[in-house]
Amino acid sequence: MTGALNTNDGTDPGDATLEDAVEAMRAHMARAVADEDWEELQELDRQARALVERAFGREPVPLRDDSGAALRAVLEDLARFYESSVKELSQRRGEVAQQIRELKSGRKATSAYETTRRHSMRTGPGQPEG
């Protein structure tokens, strides 16, 4: 098998296998999720997809074993990570959407209060309008 893979984790890329690269990518993605670094996660997702495509491509890639069992295991782990992360990120997105709705509602209430307050200051308390 030819061609080294860069794992971006400080290991010697000459010794890196596709499994190493997938494991490193999954770890980077987990950190991005934990840090809520959505831009980084988007880039890592793109890179992870490229690794998966490479795993199923025609070009030979360095593997830990010729049977492909290790590759299958890390790809299954990556799939589980995606499955759990999608649920978690969807929940977070829902929470953020709720917070935004609450902020908008709060702004409307504040604006209405300020309008009423300004109006009552111009007319005075208990004084008829006009």
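Residues are numbered from 1 along each chain as its sequence is written. Because the model is predicted, local features need pLDDT of at least 70 and side-chain atom pairs count only at pLDDT 80 or more, while totals for chains, interfaces and linings use all residues; side-chain values use heavy atoms, with hydrogens and water left out.

Confidence was examined through pLDDT, the predictor's confidence in each residue, from 0 to 100. The chain averages a pLDDT of 81. A score of at least 70 is reached by 82% of the residues. Among the elements, α1 has the highest mean pLDDT, 94. The lowest mean, 84, belongs to α3. Where pLDDT is low, the predicted coordinates should not be read in detail.

The secondary structure comes to three helices and zero strands. These elements are DSSP runs numbered from the N terminus: helices are H or I of at least four residues, and strands are E of at least two. Along the sequence the pattern is α-α-α. The helices are α1 (18-35), α2 (38-55) and α3 (69-123). Of the 130 residues in the chain, 23% are buried. Buried means under 20% relative accessible area, exposed means over 50%, and partly exposed lies in between (1.4 Å probe, protein chains only). Among contacts between residues at least 6 apart in sequence, 60% join residues at least 24 apart.

The end C-alpha atoms of α1 are 26 Å apart, which agrees with the 26 Å that its 18 residues should span at 1.5 Å a residue. The expected span is 1.5 Å times one less than the number of residues in the helix. Buried positions in α1 are L18, E19, A21, V22, A24, M25, H28, M29, A32 and V33. Helix α2 also has 18 residues. From first C-alpha to last, α2 reaches 25 Å, close to the expected 26 Å. The buried residues of α2 are L41, L44, A48, L51 and A55. They lie on the same side of α2, because they cover an arc of only 75° around the axis. This arc is taken over the directions from the helix axis to the C-beta atoms. Exposed residues E39, Q42 and E53 sit on the face of α2 turned away from its buried side.

The largest nonpolar core has 18 residues. Such a core is a set of buried Ala, Val, Leu, Ile, Met, Phe, Trp, Tyr and Cys residues joined through side-chain atoms within 4.5 Å. Those with the most contacts inside this core are L18, V22, M25, M29, L51 and L71. Each of α1, α2 and α3 supplies at least two of its residues. The largest share, seven residues, comes from α1. Nonpolar side chains tend to be buried together in soluble globular proteins. Beyond its neighbours within four places in sequence, L71 is in contact with L18, E19, A55 and L63.

Between α1 and α2, E36 lies in the loop. E36 has a positive phi of about 55° although it is not a glycine. Most residues other than glycine have a negative phi. At 45% relative accessibility, E36 is partly exposed.

The loop between α2 and α3 holds both P62 and R64. P62 is buried, at 13% relative accessible area. P62 and T17 are 45 residues apart in sequence, yet 4.8 Å apart in space, C-alpha to C-alpha. T17 lies in the segment before α1. T17 is also buried, with a relative accessible area of 10%. The T17 side chain makes a polar contact of 3.0 Å with the side chain of E19. A polar contact is a pair of N or O atoms within 3.5 Å; within protein, one must be able to donate a hydrogen and the other to accept it, and residues adjacent in sequence count only if both atoms are side-chain atoms.

R64 is partly exposed, at 40% relative accessibility. Its side chain joins that of D20 in a polar contact of 2.8 Å. R64 and D20 are 44 residues apart in sequence and 8.7 Å apart in space, C-alpha to C-alpha. Leaving aside neighbours within four places in sequence, R64 is in contact with T17, E19, D20, E23, A70 and V74.

How values were computed. Contact = heavy atoms within 4.5 Å.
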